[in-house]
Amino acid sequence: MLNSINPSSCAIGDDDFTLNVTGNRFTETSAIYFNGGAESTVFVNSGKVTTIIKPSLATVPVDVPVWVQQGSYQSNQKTFSFRELTSRSGERALPAGPFTIFHIEDHADGIS
């Protein structure tokens with residue numbers, strides 16, 4: 001049984017991170033399935049398995065299913081969400097595209 005995934009969301013374009021999946025009765029043959037595909041899974045113990053998620057590969061906001069499979073047994077599913085990238089503290093946010101840049105020049109506080 002799958003109890004939780006942590007984290008359960010990220011912004012598109014975030015840095016790669018470890019997805020922690022907790023539950024019970026995991027073994028070294030357990031595999032995390034993310035959006036329908038088997039991921040390279042690290043067995044931590046019978047209550048935890050992990051995998052690496054690459055938000056840089058996501059292109060649109062979307063919810064995807066996550067489950068653990070062991071042989072023919074498939075656990076219940078949890079939902080992982082990719083969110084729109086928001087500006088980070090101190091960064092400028094670009095307007096929603098498409099847009100065309102006609103001219104770029106240096107400016108004291110960044111690109112003008």
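## Nonpolar core

The largest nonpolar core holds 18 residues, and those with the most contacts inside it are Leu19, Val21, Phe34, Phe80 and Phe82. At least two residues of this core come from each of E1, E3, E4, E7, E8 and E10. A nonpolar core is here a set of buried Ala, Val, Leu, Ile, Met, Phe, Trp, Tyr and Cys residues joined through side-chain atoms within 4.5 Å, and strands are DSSP runs of at least two residues (E), numbered from the N terminus. In soluble globular proteins, nonpolar side chains tend to be buried together.

This is a predicted model, in which local features need pLDDT of at least 70 and side-chain atom pairs count only at pLDDT 80 or more, whereas totals for chains, interfaces and linings use all residues. Residues are numbered from 1 along each chain as its sequence is written, and side-chain values use heavy atoms, with hydrogens and water left out.

## Largest pocket

The largest pocket has a volume of about 250 Å³, and its lining consists of Phe34, Asn35, Glu39, Ile52, Ile53, Lys54, Leu57, Ala58, Val62, Val64 and Phe82. A pocket is an open set of points on a 1 Å grid over the protein atoms alone, where a 1.4 Å probe fits, with protein on both sides within 12 Å along at least five of seven lines, and lining residues have an atom within 4 Å of a point. The volume is the space filled by probe spheres set on the points.

Strand E7 (48-53) and strand E8 (62-70) each supply at least two residues of this lining, which divides into 8 nonpolar, 1 polar and 2 charged residues. Phenylalanine 82, one of the lining residues, touches Cys10, Ile12, Phe34, Ile53, Pro55, Ala58, Val60, Pro61, Val62 and Val64, leaving aside residues up to four places away in sequence; contact means heavy atoms within 4.5 Å.

## Backbone and loops

Most residues other than glycine have a negative phi, and most peptide bonds are trans. Arginine 25, in the loop between strand E3 (17-23) and strand E4 (31-34), has a positive phi near 65°, and asparagine 35, in the loop between E4 and strand E5 (37-38), has a positive phi near 55°. Arginine 25 is exposed at 72% relative accessible area and asparagine 35 is exposed at 52%, where exposed means over 50%, buried under 20% and partly exposed in between (1.4 Å probe, protein chains only).

A cis peptide bond, with omega about -5°, joins asparagine 6 and proline 7. Serine 75, in the loop between strand E9 (73-74) and strand E10 (78-83), is buried at 6%.

Definitions and conventions. Helices (H or I, at least four residues) and strands (E, at least two) are DSSP runs, numbered from the N terminus. Ala, Val, Leu, Ile, Met, Phe, Trp, Tyr, Cys and Pro count as nonpolar, Asp, Glu, Lys and Arg as charged, and the others, Gly among them, as polar.
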